[in-house]
Amino acid sequence: MRIDIRKTYKLYIGGAFPRSESGRTYEVTDAKSNFIANPAQASRKDLRDAVTAARGAFGGWSSATAFNRSQILYRIAEMMEARSEEFVEEIALLEGVSRVAAKKQVDQAIDAWVWYSGWCDKISTVAGSTNPISGPFYNFTVPESVGVVGVFPAQKSALLGLVQAIAPVIAGGNTAVVVASQKYPLCAVTLSEALATSDLPGGVVNILTGITSELAPWMGAHMDVDAIDATGLSKELDKEVRVSGADNLKRIHKFSSSDTPQRLLAFMEYKTVWHPIGI
Amino acid sequence: MLTKIGTFTRTIHGNPFSPLTFFRYNSIVQLVDGTDTSIRRFLKQLPGVDQVGAESRAAMLATRSIKTTSKKWAIDCAISMIDLTTLEGSDTDGKVRALCTKAVHPDPTDPSVPSVGAICVYNDKVATARKHLDAIGGQSIPVAAVSTAFPSGRASLEVKKQDTLDALNNGATEIDMVIDRGAFLSGDLVKVFSEIVYIKELCADRAHLKVILETGELVTLDNVRRASHLAMAAGADFIKTSTGKISPAATAPVVLVMLEAVRDWYAMTGIRIGVKPAGGIRTTKDAIKQLVLVRETAGEEWLTPKLFRIGASALLNDLLMQRMKLRNGNYAGPNYVTLD
């Protein structure tokens, strides 16, 4: 007879796994309303700390070569593959789907990492351009990362929606502060454990679990967040975030389709460079 | 109980030595006159520091929660106590002028933000700082110069004196000198004491003197207490933890012991000596912890820029961001404060 060793579901901030600064947790239940776990309930100060960590990691991550980012994203896929059993169990439990359906979701999520990994060093070739101009200059337009992105992944997907939201953000060289699905947060915590072991520098992805309606307004108003993926926000929260986000001109996007380079480009901005010919 | 009963000036080895301090200890009149015996006799009376106790007391005070109106007051108080510092080999006149502008109006978007306590620079930048401050309405902000072969203190007495004179002649009204830690650790207390006395004499009434103990090199809290009392007996107006060039710098237990030292000194002599933690204080939380330490150790009288300063550069931006948060209700970002 052995006592169960159960996992403590913690936050992921700056490469570390702290509990919430507030000490709070909330209850997560399975599809049949049976108790499963008490993940941390992040406070606005955890969000602030996560943004600080993301800002700190931005310089290094955005200036890493696209090839290097690509390798790291592929490595995340490898690490998820090794943990796929754990993901399958969590998805089956949370969403109340069969193990076969859960396995399919995990495979799709892992494939999404590989797909975005491939995009890292191709996006600027595909979306950038050499512009014809009448003058003795080379003229290039290249997409560049915007900065710190707040991510609210789809609420109704335990893993796939999460990966489809994070991967394009970091593939483009941004850093992310993710507020996981309120109802299905466990896969996000397990994903953070995969991220922590996959050469991804600490702070590039920060994952908070908690009450979305409590955290979203603070994300919207935070002056050091440059963009928001509002896919998982309700209509009311989306509106609130757009209003407060206007203060520092946040790019706020909501996506219905997945796995499209548009998701990458939504969090990049174009820079045009004029370079004199002959110098 | 030590009681100060007077000071006097006299000459030792042909050099003027002042002030020299008498103490009454259990009705025996004592004199710290710069001789080895007198210094040792004086320092020997100091009780040892309970290190575990000091650490736990400092940790306990650090848990105190300061919110809303108290936090607003604490932020403004901390801003007014900052010695805004740039001590880099790469300092330029331009950088010093930018820092002075920031010292006068830390947040250009909000005139209600108080000016900082002082500007702290190397002695060759003192004139630039003084001139620029006077030109932009910062006449009341003093310029502090680090002196005596800062940060190591490894130079001859003549060089140290000249270093200090340069700063004074350029308009410094505060001198941050370093003690000779090597001499202190090897027991040559006379050297440490006499250097402070000489520099104090140069400062006289032109500048007030902050003595940097560089506690990160003093190893024990007992040494911190001894060095604090030694500096005060030699005439320091302020005792300062660190140069900011080595780590650890202003840790909470060290600041606690130094605050206890100035409190005890006040009880002995009726003179209030200032304290300046410097190095490693980067966030608003750190700064507020320091203020709590001051209030609970030395007392409320020390919560003024005349008696408490915080040596920092990055701290000011964090204080300003926290202040914006209190004012606007949302978290500010580093894009809204200056890059230093």
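In strand β4 of chain A, the bridge partner of A:S129 is A:T141. Strands here are DSSP runs of E with at least two residues, helices are runs of H or I with at least four, and both are numbered from the N terminus. The structure is a predicted model, in which local features need pLDDT of at least 70 and side-chain atom pairs count only at pLDDT 80 or more, while totals for chains, interfaces and linings use all residues. Residues are numbered from 1 along each chain as its sequence is written, and chains are lettered from A and ligands numbered from 1 in the order in which they are written.

A second bridge position in β4(A) is A:F140, the partner of A:T130. Two bridges in total join β3(A) to β4(A), residues 137-145, and the two strands run antiparallel. Two strands count as paired if DSSP finds at least two bridges between them. A hairpin of six residues connects β3(A) to β4(A). On β10(A), A:V273 is the bridge partner of A:F140. Nine bridges hold the antiparallel pairing of β4(A) with β10(A). Strands of a sheet pair through backbone hydrogen bonds, either parallel or antiparallel.

Elsewhere in chain A, A:E193 belongs to helix α7, residues 186-196. A:E193 counts as partly exposed because it has 17 C-beta neighbours inside 10 Å. For this count, C-beta atoms are placed from the backbone; a residue is buried with 20 or more other C-beta atoms within 10 Å of its own, exposed with 12 or fewer, and partly exposed in between. The C-alpha atoms of A:E193 and A:E240 are separated by 32 Å, and the two residues are 47 apart along the chain.

Confidence was examined next. The model scores ipTM 0.84 and pTM 0.88. Chain B averages a pLDDT of 90, and 91% of its residues score at least 70. pLDDT is the predictor's confidence in each residue, from 0 to 100. In chain B, pLDDT stays under 50 over residues 1-6, for which the model has 16 contacts beyond four places in sequence. It also stays under 50 over residues 24-29 of chain B, with nine such contacts. Two residues are in contact if their C-beta atoms, placed from the backbone, lie within 7 Å.

The domain assignment of chain B gives domain 1 (1-45) and domain 2 (51-336). Such bounds come from an automatic or database domain assignment. The centres of the two domains of chain B, taken over C-alpha atoms, are 27 Å apart.

Chain B and chain A also touch. Seven residues from chain B and six residues from chain A make the contact. The chain B side has four nonpolar, three polar and no charged residues. Here Ala, Val, Leu, Ile, Met, Phe, Trp, Tyr, Cys and Pro count as nonpolar, Asp, Glu, Lys and Arg as charged, and the others, Gly among them, as polar.

Helix α8 of chain B covers residues 189-203. Its 15 residues should span 21 Å at 1.5 Å a residue, and the end C-alpha atoms are 21 Å apart, which agrees. The expected span is 1.5 Å times one less than the number of residues. Of the 15 residues of α8(B), 12 are buried, so the helix is largely enclosed by the rest of the structure. Among them are B:L189, B:F193, B:E195 and B:K200. Just after α8(B), B:A204 takes a positive phi of about 40 degrees.

Strand β7 of chain B, residues 174-178, is likewise largely enclosed, because five of its five residues are buried. Both faces are covered: B:E174, B:D176 and B:V178 are buried on one side, B:I175 and B:M177 on the other. Four bridges join β7(B) to β6(B), residues 143-147, and these strands run parallel. B:E174 is the bridge partner of B:A144.

Finally, B:I288 lies in helix α11 of chain B, residues 284-297. B:I288 is buried, with 22 other C-beta atoms within 10 Å. Beyond four places in sequence, B:I288 is in contact with B:I66, B:A74 and B:A78. B:R64 is 224 residues from B:I288 along the chain, yet their C-alpha atoms are separated by 9.4 Å.
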